[in-house]
Structures are given as C-alpha cells and as structure tokens.
Amino acid sequence: MNLTLGVDAGGTASRAVVATPAGRVLGSGRAGGGNPVSRGPAKAASAIADAVRQALGDLDASRLTAVCVGIAGVGALQQRHVATEFAAMWSDLGVVCPVRYLDDPLLGFVAGVAETSGHVLLAGTGAVALRIENLQVTACADGLGGVLGDEGSGYWLGREITRAAVRQLAEGRPGLLAELVVDALLGPGGDLSPRVAHAVAELVQSDPVGTLPPLSPLVTAAARAGDPVAAEIADSAAQCLVASLASVREAASEEPIILAGGVLTSAGPVRGRVVALCSRRWPHALIASASDTALAAAWLACDPRPDWDSWFDRFFPDS
C-alpha cells in the first residue's frame, strides 16, 4: 500500500501524519518547533525527524510515495547549508520519495475549507496573511519574523505582556500582568520587587523565541480577569492581524477567511476580536478555523490528489 506523509512544522511545534491515499490515518507524531530560522537548521530538522518517527511507528519509510511539509521559515531552505541539513535528515529516516515544501499557512487554508481560493490569517508563533488562488499563494502580508513584524502573533503577544510586566515591576507597582509573567518565568510566588524586572529582561533576551510565545496565553487569562492592559494588548493584536488581512483582501471580497495558528484557533480575546472585526468588514464571507493541518499536508502530498470532499469530512466530521 502506498503511503503519504504530511508535516506541519511551525515555530513552536512540529506535527506529522502518515495516511493512505484514501485519507485513513495510520500514525501521527508531535515534537518541537521545526522553523529553521528561529530554531536553527539542526534543531529544526531534529524536531521534524522526531515527529516523523513517531508517525511512522513500525511502518517502513520506504513505503512513502510522497511527502509534503508546510514549514515556517520555508525560505531558509534556499540556503545550501539548510537544504543539506534537511536532505540528510530525510536520508537518515529512510525516505526516498520526493519531498515538497511550502508555506505552512497554506495548510491552514486547506484544513479549513473545501475550496481552492480565499484567504488565510495565521497567528501562531508568527503571524501572516495570505491570498490563496487555486491552492497557490499569490499575495502575502507580514510574516517578517518577531524582530521586524509578526504583529499579533504569539511572539508579539508574549513580548507585549512581558514589556508591560517589566514596566510595572521597574516602577514598583506590580499588577496582575507582573504576577503572571514572574510566576511563569521564575516560578510561582516569586519576588515582585523592582530588581526582578532585570532578571525577567535578562531571561527573555537570552532566549526570546523560547520564552515569549509560551507567555501569549497569559493575555487571555489577564483579559478575562478584567485587566485593562491585557485587554488593550488583545485589541491591538486583533487590529494588527486584520490590517494584515485587509492588505491582501479586497473590501468587497466574499471568499472564505480561514483562521489558523494557536492564537486564532483557541478561544480567547484575540480570536473573538478578530472574528468580530472580520465579520463587520466582510459580512458575507465564511469565517472558519483550520483543523488538522498535518493531515492537510498529507492530502497535498497525494498525486493525483484524491477527492477533497472525502478528506474534508475527516477534518470536520460533525459539519
């Protein structure tokens, strides 16, 4: 039996699915972030390999006839040393079939709607808005990384809440944000004196990718507790994300909008505000959430691709 492998390699986690051409899942796996830009090519390749090994289980990798990998930081694969690292990883796994790489937000679109054209707004570790036509990316906004962009992303949210917390600590007026951030980074019940501001800053700056995105859920917790600063951060994130979407989407468009990434597929103030803003701006558009992106990658790997509707039921069995 021929098998396909789909991988969604994001900045925080990598997920893999082995499936039959008919869409029956035979194995799945999950490991750390697979973005070669933020994690480095060696760590990213190692994480992807770990997820793939879990998905394969006892299955022979030589049975794979197609592999599709949606990967954050896909442009890095144009660099020889990154491509070499990834090629060695596939060889070590025993994968001999062609491997196709694409922008990971495309997986979100495929896993959200049985259509070939529309828009996807992704906010996970990073953030990007894409225009999709015939399952091809034709326009892109943001996706510039945490240093220069990714506005509204998990990285951005973590940075903003930490910035607010450090300011509260340094000024000697610690509030809920300071308490939540210190608890998350330094342990529960920690000191909230001004000197802790420098300890938090040093910790974050030593590993921003590893420390900031995991703090993003604190915005939801604080906003639900009525913290006004957290509410402002959530508002700003939603406005940034919808502005990115608007830059690749016409004002009168009725095409579907798919929300992808942990920030926008998890219930919380950012998702709620984004849905409200999109509903007002594009009242006739379907707004849906991405589901199993690794399975979407497996479907994209199939050549020729099976009927999409038969696979779509697997993403949304209750729809």
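How many of the 17 residues of H4 are buried? The count is 12, and H4 is thus described as mostly covered. The model discussed here is predicted.

## Overall form

The protein chain holds 13 helices and 10 strands. Its radius of gyration is 20 Å, close to the 20 Å that the globule rule gives for 319 residues, so the chain is as compact as a globular protein of that length. Along the principal axes, the C-alpha trace spans about 65 × 45 × 35 Å.

Of the 319 residues in the protein chain, 51% are buried. The chain exposes about 13,800 Å², and carbon and sulfur atoms supply 50% of that area. Among contacts with a separation of 6 or more, 65% are between residues 24 or more positions apart.

Helix H4 covers residues 154–170. Its 17 residues should span 24 Å at 1.5 Å a residue, and the end C-alpha atoms are 24 Å apart, which agrees.

Gly145 is found in the loop that runs between strand S8 (136–142) and H4. With a relative accessible area of 25%, Gly145 is partly exposed. From Gly145 to Arg159 the separation is 14 residues in sequence and 13 Å in space, taken C-alpha to C-alpha.

## Helix H1 and its cover

Helix H1 comprises residues 41–56, 16 residues in number. From its first C-alpha to its last it reaches 22 Å, close to the 22 Å expected at 1.5 Å a residue. Just after H1, Gly57 has a positive phi of about 60 degrees.

Which residues of H1 are buried? They are Pro41, Ala44, Ala45, Ala47, Ile48, Ala49, Ala51, Val52, Ala55 and Leu56. An α-helix has 3.6 residues a turn, so residues three or four places apart point the same way. The cover over the buried residues of H1 includes strands S1 (3–9), S2 (13–19), S3 (25–32) and S4 (64–71), together with helix H2.

One aromatic pair is counted in the model. The ring centres of Phe86 and Tyr101 are 6.2 Å apart and the ring planes stand at 70 degrees, so the pair is edge-to-face; the cut-off for that class is over 60 degrees. Phe86 belongs to helix H2 (residues 80–93) and Tyr101 to strand S5 (residues 99–103), so the pair ties together parts 15 residues apart in sequence. Phe86 is buried, at a relative accessible area of 1%, whereas Tyr101 is partly exposed, at 27%.

Cys97 lies in the loop between H2 and S5. Is Cys97 buried or exposed? Its relative accessibility is 12%, and Cys97 therefore counts as buried, since the limit for that class is under 20%. Leaving out residues up to four places away in sequence, Cys97 touches Leu64, Thr65, Ala66 and Val67. Cys97 and Leu64 are 33 residues apart in sequence, with their C-alpha atoms 6.5 Å apart in space.

Leu135 is buried, with a relative accessible area of 6%.

Asp142 lies in strand S8 itself. At a relative accessible area of 18%, Asp142 is buried.

## A charge over a ring

Where does the charged end of Arg249 sit? It is placed over the ring of Trp282, at 5.0 Å from the ring centre.

Conventions
Residues are numbered from 1 along each chain as its sequence is written. This is a predicted model: local features need pLDDT of at least 70, side-chain atom pairs count only at pLDDT 80 or more; totals for chains, interfaces and linings use all residues. Side-chain values use heavy atoms; hydrogens and water are left out. Rings of Phe, Tyr and Trp (its six-membered ring) pair if their centres lie within 6.5 Å; planes under 30 degrees apart count as stacked, over 60 as edge-to-face and the rest as tilted. Helices (H or I, at least four residues) and strands (E, at least two) are DSSP runs, numbered from the N terminus. Buried means under 20% relative accessible area, exposed over 50%, partly exposed in between (1.4 Å probe, protein chains only). A charge sits over a ring if NZ of Lys or CZ of Arg is within 6 Å of the ring centre and within 35 degrees of the ring normal. The expected span of a helix is 1.5 Å times one less than its number of residues. Contact means heavy atoms within 4.5 Å. The radius of gyration is taken over C-alpha atoms; the globule rule is 2.2 Å times the number of residues to the power 0.38. Accessible areas come from the Shrake-Rupley method with a 1.4 Å probe; for residues, only the protein chains shown count as cover.
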